[in-house]
Structure formats: structure tokens, C-alpha cells
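Colleague: I'm new to reading protein models. Could you walk me through this one?

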Amino acid sequence: MRLLASPLNLRLRHTFTTARSASDIAHNVLVRLRAGELEGCGEAAPVHYYGQTQESCLRALRRMAPCLRAHTPFDLEAVLRELGHRFPKEPSAIAAVDIALHDLIGKRLGLPLWKYWGLDPSRTPRTSFTIGIASLERVVAKVREAEKYPVLKIKVGVANDLEILREVRRLAPRKTLRVDANCGWTVKETIAKARAMEKLGIEFIEQPIPPGNNAALKRIKNFIGLPLMADESSLAPEDVPALRGCVDGINIKLVKCGGLRAGMQMIHTARACGLKIMLGCMIESSVLISAAAQLSPLADYADLDGNLLITNDPFRGVRVDNQAKLILPQAAGIGV
Ligand code: MG
């Protein structure tokens, strides 16, 4: 197989701000993997707070190319074991290769991945639409703009969190609202704010505190009446068992765990631990989003809106209906 990697710069509709960062352009990487007549497509979304950049990702992919030369797309286990071993700090680049390999397998078999895995495409969840951190006026404008999306994920982690959430609830009395603090709160703050959020009918709270303290997550969980989801605390399959009893569910992102194979492992591990499953994303084109969506019939929640937040998506794959339910493509592989 021959691997080609190139920069994929995605322009955001609005500056995207969370408790940790702000950006106007997502510096992603597109991977094309050629095997005979077929080409598989993959994408990396390097995560800067894990020390990854577009450059480090391209560099890693260039070094991965020789490892792939002698393999076929069906050598998933061998290829991914080697890449995981040699590039432990570049799970996003590994995810791009993993997705391209799965895309090739699907194309070789003439099947979309959901069908290959035996999944029911009618069981996809609705995706949330994310409202990033902004001034109260900007949040109001964004909520109005997001009128057609029935599920909103509100990014919090600023001083006037509750004021913003009250205003969103007032503007959207019937919508499902989720909250993601991206590690921006303390235990005490989370417990205090949870009471008010319960009254506002928030569906769940995602990653209120920084990772590395599952005992603190458990304290929060035992104190509050809202479900608690881990995101930054659940990067890869090996993180899942220790979260049992500490949270109600985990957010799985392909670029954190290293792709579809690891994502599937996380799903089954989480289920065995009695945890709910959310599929999430970074700012991503339809390549990464359509890949993640292939797993979505196995998920309880989806936050796969990365492609809806950009203005120059070069691909088309998974779509959403007027209730924001994911519609899986019929095309082979990841379906882009
Ligand atoms: Mg999150």
C-alpha cells in the first residue's frame, strides 16, 4: 500500500472557543492509502493540548508510510499494533491510517462498514450541535442560528456559566441541552452548579474537572442528580475499566483513541463496565465524521457535528435529517 498525506485546513463558521482553547482554522491532515486500483481515505485532527500539530502529524505519517508498503488492508491487527508501538504520541495520525484501512476493506468487499459490522442503520442517534464559549449576546445569536438542531451541547467553563445556560434554556425551552465544561471546573464548583443545571433540565455534564482523578469524578457522581460523562479522562480503551462506577458514560473520539478499531474496543469495554457511550469529534471534515458515524448505531449519544461547524468541507458522507438524526451513507467503506 502507498500512503499519501497532505494538509487539510478547515475554516470555521465561528471562532470555536472552549474552556481550553480558541481557533478559526482547524489544521487537519488528509490521508490517502492506495492498494491496487482502490484508494482509502482517512483524516487526522491533531490535538494541540496533547502535543500534536499538523507538522508533527505529517512527519509521523511520512515515517509510517514504509511500514505499510508490504501490507494489505486486511492486516489491520499487525499494522495497528506496530504503529501504536512506534508512534504512541500520535494517535490522531494512527486514526487516519486506521480509517483509510477500514475504508479500503469496505471498498474491497463492496460494503459500507456499518453493514460489514452487522449494525442496524436505523438505530443511529441524533447528533448534538455545539455552541462554543462566547459572550452572552453571541451565544444568543448562535442559539438562534442553530434553530434547526433539537439537541445542543453548550460549552461552559466561564464565570457566567449559569447565566448563559438560563438564557439558552429560555430561548430553547424544549430542546435537549448538554453541557461540556472541558475540565474548566473544580469538584466544589461542579456540585454547586449541578443543582442549578438540574432545574434547567440539562441532560448530562461532560468532563467538569481535569483528567487524572477518577476518585474526584466518583465524588461528583455520587453527589449530583445529573449523569456525568468522561471525555478527557477516557482517551483510549485502557482508560475505560478504571472509570467504572466513577462516571455514567464515556465520550469516544477516533482521534483520541487511534481509530475505528480502538473505538470499537472502547465501546465493548464500556458496555461491559455498564457505561453509556457517546461518540464525539473535534473540528473534522466529513471523512472523520462519516467514519465515526459508522459506529453510531452502537452509541447512546452522538456529538458528531465537526463537519457542520466548517465552511469548506471537501467531502460528502453522513448526513443529518431534520431531527439531526445521523443518516448513514450506503456507499462502501466509510461512505465518502
Ligand atoms: Mg468534550
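Modeller: Happy to, and keep in mind that this is a predicted model. Let's start with helix H11 (residues 286-293), which lies across E2 and E3.

Colleague: At about what angle does H11 run to E3?

Modeller: Here we compare the direction of helix H11 with that of strand E3. The angle comes out at about 95 degrees.

Colleague: Which strands stand at the edges of the open sheet?

Modeller: The sheet has 3 strands in the order E1-E2-E3, with antiparallel pairing. Two of them have a single partner strand each, so one side of each is left without a neighbour in the sheet. Those edge strands are E1 (2-17) and E3 (38-44).

Colleague: Is Lys-193 buried or exposed?

Modeller: Lys-193 forms a salt bridge with Glu-189, and both lie in helix H7 (residues 187-199), about one turn of the helix apart. Glu-189 is partly exposed at 27%. Buried means under 20% relative accessible area. Since Lys-193 has 11% relative accessibility, it counts as buried.

Key. Residues numbered from 1 in each chain as written. Predicted model: local features only at pLDDT ≥ 70, side-chain atom pairs only at ≥ 80, totals over all residues. Heavy atoms only, no water. Pairing = 2+ DSSP bridges. Helix = DSSP H or I, 4+ residues; strand = E, 2+ residues; numbered from the N terminus. Contact = heavy atoms within 4.5 Å. Axes fitted to C-alpha atoms, helices over the stretch in contact; angles between N-to-C directions. Salt bridge = Lys/Arg side-chain N within 4 Å of Asp/Glu carboxyl O. Buried < 20%, exposed > 50% of the residue type's maximum accessible area, 1.4 Å probe, protein only.
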